Structure formats: C-alpha cells, structure tokens
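Hi there,

Here is the structure I said I would pass on. Have a look at it first, and then read my notes below.

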Amino acid sequence: MNQTAFLPHRHLDKLFDLLHSDGFRVVGPTSEQGAIVYREIDTVDQLPAGLVDHQAPGRYRLEQQAHGRYFDWVGTAQGLKPWLFTPEQPLMVAREVAGGLRFEAVREEVPLTAVIGLRGCDLAALALQDRHFLQGEYPDPHYQARREQLLLIGVNCHRSAATCFCVSTGDGPEVGEGTDLVLDELDQGFMVQACSARGRALLVRLPIRPLAGGHKRRSKALRKQARVQQRALPSRDLRKPLYLARDDETLWQSVADRCLTCGNCAAVCPTCFCSRVDEESPLDASESTQVRRWDTCFNDEHSYLVGHVVRKSAVHKYRQWLTHKLAIWHDQYDRSGCTGCGRCITWCPVGIDIVEETRRLCTEVKTREPGE
Amino acid sequence: MNDPWLPQQAVVVDKVMETPDVATLSLQLVEPEAQQRFHFDCGQFNMLYLYGLGEVPISIMDYQHGCLQHTIRAVGRISRTLVALETGAPLGLRGPYGNSWPIEDARGRDLVFITAGLGCAPVIAAIRRIIAARTDYQRLVIMQGVKHREDLLWQEQYERWREVPDCQVLLAASEERQEQFPWSLGMVTTLIDKAQFDVNNCTVMMCGPEPMIRASMRGLEAVGVSLQNCFVSLERNMQCALGLCGHCQMGTPFICREGPIFRVADIKEWFLLEGY
C-alpha cells in the first residue's frame, strides 16, 4: 500500500544524504545555460530554487521568483532519455588478431542512480522507451544496464507551461505508475508518497511528520490548477484522421514550408528512439568500435536505400515523424508515442506546434472527406 | 545475457565473381559451436561486418557443411569491399534475422517467382528447397528480369530448372533490342502474360527494385491474382537488424523484425505511398 507523509522543506537534504549513503548518485534538475537540465548533483543547493520556466513555441525562458520552491518549473530541456538511451553508445569493439578478428562486447559499470524531479510525461515516456528497448526480441543490453540501476522520484506538476498538453494524452500532470517516491511540493515542505518497497524504505528513514488535512487539500488544488492547459490533442487515438491525412500530401505542405528538417523535435522528444550505427577507429587503427548515435527521420541518411533517399522532402519527413508519433505507435506499441511534454514545440527553432498542426490536419481531413 | 550486438567470427573460404561487380562469398563460421547452432530459413538475412567499415544486411543463399553463401553486388562502401575480399579474409557475422518465405503454407499450390536483378538471390534458397520437394507442389514458374542478357547470374542453374518437371523458366531483358531465344524483350512484368499457373491456387514470391514490385502487383491483379497470395521481400536502411535503430520502419512494420518478407496485401497501403 502506498504510504504518504510530510517532509519539511529544510529536510530535503536528508533525502540526498540517505540516497548517498545507500550508494546512489543523485541526478536532478539544475539550471544551466538558461534552462533546467538533469545533471548529477550533490546537494539541494544545486536544485533550481525559485526558478520558473516560461515556454512557448520556439521559446524557453527562466525567471527567478522570490519563493524558494525547488520544483516550480515544469519542463527540463531533455527528459530522462539521454540517461538511458545515451546520445552516443559504443556497442562493440573489434580487434585484428593473428588469424582473424576478435569481438568484444561493451559492458558499462553504471552506478546506482536516483533521479529526482521527474514529471508524469517523463515517466510515461520512460515506460514507452522500456517497451521499445527492453520488451522486444532483442533487449538492448546498454539501455538495460542503465535502467536496472534507476530509482525514480517523481514530482506532481502544480502548474503547466503554455506548451503542455499531457492532460489530453493521459500522462499528467500527476505522476503515474512506476516510481519509487512521488513528491508534491507545498510552501512549507513536501507531501511524500512511497510507491514501492524501495520508496517505503527511504520514507521511513526520513524526518517525516504525519500528513495534515490541509496538505492534502492544498496539493489537490495545485494539481487541479495544473490541469488547466491551453493545448490539447483532439483525441488519444488519432489513427483514423491521420491515416487519411497521410494519403494527401498537399495537407502537409504548409508545415513543410516552415520545417527546417533540423530534427530538434526528435532530439528532445522523450520517446523518439532512432539511432544510426557508426564505425570509429583511432589513428593507429589498433581497434574499431561500433558506436550508436541518435538519429532522426529528418536526416536524408535515415531513409537511404541503395541509390536513393526514400524521404527526401520536408513533406515526407514531417509526415513520417508526426504520423509515426501519433498514429503508427498505436499499431506498434499499443498507444500514442506522445506524452504531451511539449518539448518539440518549445525547442523547434521556428516554433512548429505539434498540437496546432494535428488539429489543423484533423480539421482539413474532415472537410475534404464528406461523410467522415 | 547474450549480447545481440556481438558478431561471430567468420572467414571467406571461397569467392566466385559472378559478374565484374557481383561476387558470391562462401563464409565459414570460425567457432565449431557457432557452425552447429546456425540454422536459417529461406528468405532470412545476416549482418556482415567488416573491420573498420561496419555492417550491411545481406540475404542468405545457402548454408551447407558449415558454409554460408552470400551473393553481393558492389554498390556502397561496405559492399564494394565485401566483393573485393579474398579467400582467407576475416569478417564478422550476426544472424540470421527476419522471417521466411511461406514455402510450407504453399504446399499443393502453383508457385510463381518474380525477381529482377540481384532480387533473385533471396529466392534461390526457396527455389532449391521447393525443387528438392518437387511433388509437394503443383506447377512452378520462375520469372527473372535483367537489363542485359549477360547480366543473368547462374545461367546454368536457370537452364537446369528448365528441365524440372512442370517448371516454366521465363527470362526478360529490358535493355536488349534483338530477339534471342529463350529471352523476351522488356521488363520482367511482361512475362506474367506468358506464365502458366492457376491464378486461384498460387503463391507468388517477389523480390527486386520497388518500381518492379509495383508493376508486378498491377500485372498480377490484372490477370486475377489476389494480393493475399503474393509475397515480397523488402529492403530498407537496416542498421541493427534487432528492431531497435528504427531505420527500417515502413509505416507500421519494422522490416527487420516483421519482415523482410510480407504478404503484399498487408503492406500495400504503405508500400504504394511515396515517402514511407
């Protein structure tokens, strides 16, 4: 059963102490280059106290506020993805030896890692990446090695950014399943909920107090406030309208005219999983390493096929990305590939808005298909 | 856990230059246990690894006496180097991957093969197995298209197949202008009208360039073949063969995972759309 208690603000450092003494490194939000990012941090002082993010299409700004709340920001620039599906991952090392080649597997020593600050959208995305990397015929050992070391501390969102639409995807603003601890940050401290045996083992060792009725009411009101979002996808399963839109290239021209095909949306998307495999050798060619790097369907090479590129135009590239994310995922992984985090909107250099584009496509398909 | 990224050691034990840019490599797995363990179904592929260069997916032609046969055309950086390998050259091999031609389900039916260029390689193993169990099947039609007559690989093999009972071998050359027996002039699809098979009790297996597959789909439907009974081996930029890298998605399926062989009716909506 889930156990909930109150942890005064000044005692959050005790959680860090406990994690450290249990052998965990702590990965948490901190401010860097004008954005909140996940980094390995040692103390609560590195948390972004009082920082609030303002997000809009193609825009991310931080503002320092007088309150000292650590988690009043909404979105980090990247989710959890780079910590598991690393942007650059050696896969195998080959060496020339007498009489042939020798192949060595790459094994990483991953420390126990507690991640603090994860939002509902981040954790839903983690479940999707788990599905892709671990639940197929060939689980990826590199993702698995990192995944096994994780302890997850989620935070319920009490406000939404203008780019958020997790309510419409069903992934927020509250944290769903799969965490060890969930925090609700109030002015005086945290409502801490233990959701796993490991979470309970941590909670009972913290200087907690019983929860008061006011804590529950206040956190409920704050979560309700976060549910007010400006953006919403038309529905969770958009296969029907998007498979119709897929068949009419003219519907994609207006967004393709703005899309730079830079792939930023895919890079910050917490569920995008594409990678390419490169081969690298040092100058003395003493070995050769296969390295996996993030790739996106916006690159020509992604769809290269003997002599030609299958998706050359921005129409084809953007259509691939959006129909895959919001429609094809249902057929591949039984749900949409979007968890409503809004990062693709914020970090698009020209501010293309997946929600706006999807609504437009659904509307235009309807008007073009009488009887639908 | 077995590391799915780790190749097995292999060595080139024989090479036959089929044309100036096509070679058939015989590869032997170095580890005796790996030789024992290796088993493939017709239509599957391996990832071949070259030191310092990387990997490419190549369909498996045959596996006998611990030796794998791969026929490779020199088209890119890695395939050019593969074709240039000499006997004794070491390489890495992962596989086999993918599904197989439906030759078990096709028992009792007429079998029709339509291939063009090097597209014949992925069906060779299937044709050999079918001929080895000839009485399990009805008529056999083998259609192969090339640009020039001298591009035809394994001419002797096609001639031998002509001698197989109830086996029709049809060849077409698209860039030739002079008639020459037994060749037809034009694309492989022009052969469909000459093929003798029961359109209501046949299984069609195809492999070749995508425009040729699309033309074959039209030609087959025109003579009354249901695309439910047609199968195609497809290709995309496969970089991992494990269903992880994402490059080989054609709409819903990952070609490396659900394919490379698909029932045409199942893949049609994606395959006919440019850009997927």
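This is a predicted model: local features need pLDDT of at least 70, side-chain atom pairs count only at pLDDT 80 or more; totals for chains, interfaces and linings use all residues.

Chain A as a whole

Chain A has 372 residues, and a compact globule of that length would have a radius of gyration near 21 Å; the value for chain A is 22 Å, so the two agree. Along the principal axes, its C-alpha atoms fill a box of roughly 70 × 65 × 35 Å. As for the inside, 46% of the 372 residues of chain A count as buried. If you take the contacts in chain A with a separation of 6 or more, 71% of them are between residues 24 or more positions apart.

Gln33(A) is not a glycine, yet its phi is positive, at about 50 degrees. You will find Gln33(A) in the loop between β2 (25-32) and β3 (35-41) of chain A. Is Gln33(A) buried or exposed? With 6 other C-beta atoms within 10 Å, Gln33(A) is exposed, because the cut-off for that is 12 or fewer.

The other one is Asp334(A), again a residue other than glycine, with a positive phi near 65 degrees. Its place is the loop between α11 (314-333) and α12 (343-346) of chain A. Asp334(A) has 8 other C-beta atoms within 10 Å, so it is exposed.

The two domains of chain B

Over in chain B, there is a division into domain 1 (8-97) and domain 2 (110-271). Their centres, taken over C-alpha atoms, are 23 Å apart. Where the domains meet, 16 residues of domain 1 of chain B are in contact with 15 residues of domain 2 of chain B. Which strands contribute to the domain 1 side? At least two residues each come from β1 (8-19), β3 (45-50), β4 (54-59), β6 (67-73) and β7 (90-97) of chain B. By type, the residues on that side of domain 1 of chain B are eight nonpolar, four polar and four charged.

The sheet in chain B

Some of those strands turn up again in an open sheet. There are seven strands in it, with antiparallel pairing, in the order β4-β3-β7-β1-β2-β6-β5 (chain B). β4 and β5 (62-64) of chain B are the edge strands, each pairing on one side only. From one strand to the next, the twist averages 35 degrees.

Now for β3(B), which I would look at closely. Six of its six residues are buried, so β3(B) is largely enclosed by the rest of the structure. Phe45(B), Met47(B) and Tyr49(B) point one way from the strand, while Asn46(B), Leu48(B) and Leu50(B) point the other way, and all are buried.

What does β3(B) pair with? On one side is β4(B), which runs antiparallel to β3(B) and is joined to it by six bridges. These two strands form a hairpin with three residues between them, and Gly52(B) has a positive phi near 80 degrees there. β3(B) also pairs with β7(B), in the antiparallel sense, over four bridges. Phe45(B) takes part in both pairings: its bridge partner is Ser59(B) in β4(B) and Tyr97(B) in β7(B).

Cis peptide bonds

Last, two peptide bonds in chain B to check on your screen. The bond from Gly95(B) to Pro96(B) is cis, with omega near 0 degrees, and Pro96(B) sits in strand β7 of chain B. The bond from Phe181(B) to Pro182(B) is cis too, again with omega near 0 degrees. Pro182(B) belongs to the loop between β10 (167-173) and β11 (183-185) of chain B.

Cheers

Notes: Residues are numbered from 1 along each chain as its sequence is written. Chains are lettered from A and ligands numbered from 1 in the order in which they are written. Domain bounds come from an automatic or database domain assignment. Two residues are in contact if their C-beta atoms, placed from the backbone, lie within 7 Å. Ala, Val, Leu, Ile, Met, Phe, Trp, Tyr, Cys and Pro count as nonpolar, Asp, Glu, Lys and Arg as charged, and the others, Gly among them, as polar. Two strands pair if DSSP finds at least two bridges between them. Axes are lines fitted to C-alpha atoms, for helices over the stretch in contact, and angles run from 0 to 180 degrees between N-to-C directions. A residue is buried if 20 or more other C-beta atoms lie within 10 Å of its own, exposed if 12 or fewer, and partly exposed in between; C-beta atoms are placed from the backbone. The radius of gyration is taken over C-alpha atoms; the globule rule is 2.2 Å times the number of residues to the power 0.38.
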